[in-house]
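Here's a quick briefing to read alongside the model. Have a look at the structure, then go through the points below.

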Amino acid sequence: MPQRTPIILDVDTGIDDSLALLYAAGSEDAELVAATCVFGNTEAATAARNTQMILELAGRGDVEVALGCEQLLHRPLRTAPETHGPLGLGHAELPAPRGSLSPRSGPDLIVAEARSRPGEITLITLGPLTNLAVALEREPDLPRLLGGYALMGGAYRASGNTTPTTEWNIHCDPDAARAVFRAWGAAAATNPAVSRPLALGLDVTEQGIFLPSHLERLTVRAGAANPIVRYMTDALRFYMEFHERYDGFYGAFVHDPMAVAATLDRTLVRTEAVHVDVETSGDLTAGMTVADWRHLTGQAPNLDVAVEADASTFLDRLIDRIGGLAVARSGMAL
């Protein structure tokens with residue numbers, strides 16, 4: 001049994017978040033402690049319901065799911081039904097969740113779990129950073145209490161996918177992202193035990209393109225009638241149709257599971273330490289992740305930004321882990 005990394009996934013569960021949840025559930029090197037939910041791809045309440053349904057599909061209905069922030073810090077709410085479907089899971093339909101949401105809020109759960117297991121838990125944010133920004137307000141020592149932090153978000157040397165300069169997760173709540181990046185930078189500057197967050201932006205996540213051939217490999221392994229394979233087929237069909245319409249290829253960027261995979265195995269990415277801030281007021285650039293690659297500001301690096309990824313190995317591992325989970329769950333009835 002490999003050493004297991006305790007993780008909390010902070011999600012706005014649309015299609016690629018759901019694959020990240022399945023990846024974590026199928027990973028022997030991950031201890032999935034909890035999932036906290038935020039707005040982004042969908043409203044936060046829908047994201048929480050989707051998260052419960054996916055975890056129950058994976059046989060992990062025991063994982064605590066907490067509803068987090070339902071609004072941005074200072075801006076109006078936006079969601080992405082054109083990307084993920086009206087309910088966030090594309091064309092897929094799943095049974096209503098049997099379990100109940102946690103009585104704890106998302107930010108409170110993050111703080112409480114970090115305090116109860118100092119230096120152990122790694123937080124991975126796969127949506128806007130609002131839950132984490134609020135958690136930092138309640139516990140400024142969070143960068144020290146967490147064992148690590150990774151995020152899917154930003155476009156550091158790449159163009160944006162929401163505006164020409166911005167990636168969706170950062171664009172949704174740039175004020176929260178700025179607060180988080182600055183808090184980690186300040187903590188790392190005063191405490192060498194605080195590690196820089198691992199940031200996977202569009203620079204690398206758009207190298208992980210899940211194609212129909214990958215889905216076919218999964219289907220061959222687990223069977224077309226397998227409930228997890230059926231779910232992925234229906235969800236990804238919507239996502240692939242979106243990318244065909246807007247990006248010119250029939251496939252899907254699987255941003256969020258790549259972030260989980262790289263957190264569990266850092267050899268999947270090569271990183272560079274860089275100082276990053278977030279623009280919050282520009283008419284054309286609000287939400288832009290401004291990376292100081294030339295060290296012009298003199299400020300110490302606050303992120304380890306992924307600049308290269310082993311996308312082929314990641315995609316093989318995605319198929320292997322979700323496929324293994326699907327085979328293990330093949331006897332379930334839905």
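In helix 4 (residues 106-116), the buried residues are G106, P107, L109, I110, V111, E113 and A114; buried means under 20% relative accessible area with a 1.4 Å probe, protein chains only. Keep in mind that this is a predicted model, where local features need pLDDT of at least 70, side-chain atom pairs count only at pLDDT 80 or more, and totals for chains, interfaces and linings use all residues. Residues are numbered from 1 along each chain as its sequence is written, and side-chain values use heavy atoms, with hydrogens and water left out.

- Eight strands make an open, mixed sheet, in the order 3-2-1-4-5-6-12-9; strands pair if DSSP finds at least two bridges between them.
- Strand 3 and strand 9 (269-274) sit at the edges, each pairing on one side only.
- Strand 9 runs antiparallel to strand 12 (residues 303-309), with six bridges, and V274 has L303 in strand 12 as its bridge partner.

**Helix 4 packing**
- Helix 4 packs on the sheet by touching strand 1, strand 2, strand 3 and strand 4 (contact means heavy atoms within 4.5 Å).
- Its buried residues also pack against helix 5 (130-138) and helix 6 (142-145).

**Helix 1 and helix 12**
- The axes of helix 1 (residues 15-25) and helix 12 (residues 255-264) come within 6 Å and cross at roughly 30°, so the two helices are roughly parallel (angles under 35 degrees).
- D16, D17, L19, A20, Y23 and A24 in helix 1 meet H255, D256, P257, V260, A261 and L264 in helix 12.

Key: Buried means under 20% relative accessible area, exposed over 50%, partly exposed in between (1.4 Å probe, protein chains only). Helices (H or I, at least four residues) and strands (E, at least two) are DSSP runs, numbered from the N terminus. Axes are lines fitted to C-alpha atoms, for helices over the stretch in contact, and angles run from 0 to 180 degrees between N-to-C directions. Angles under 35 degrees count as roughly parallel, over 145 as roughly antiparallel, 65 to 115 as roughly perpendicular and the rest as oblique.
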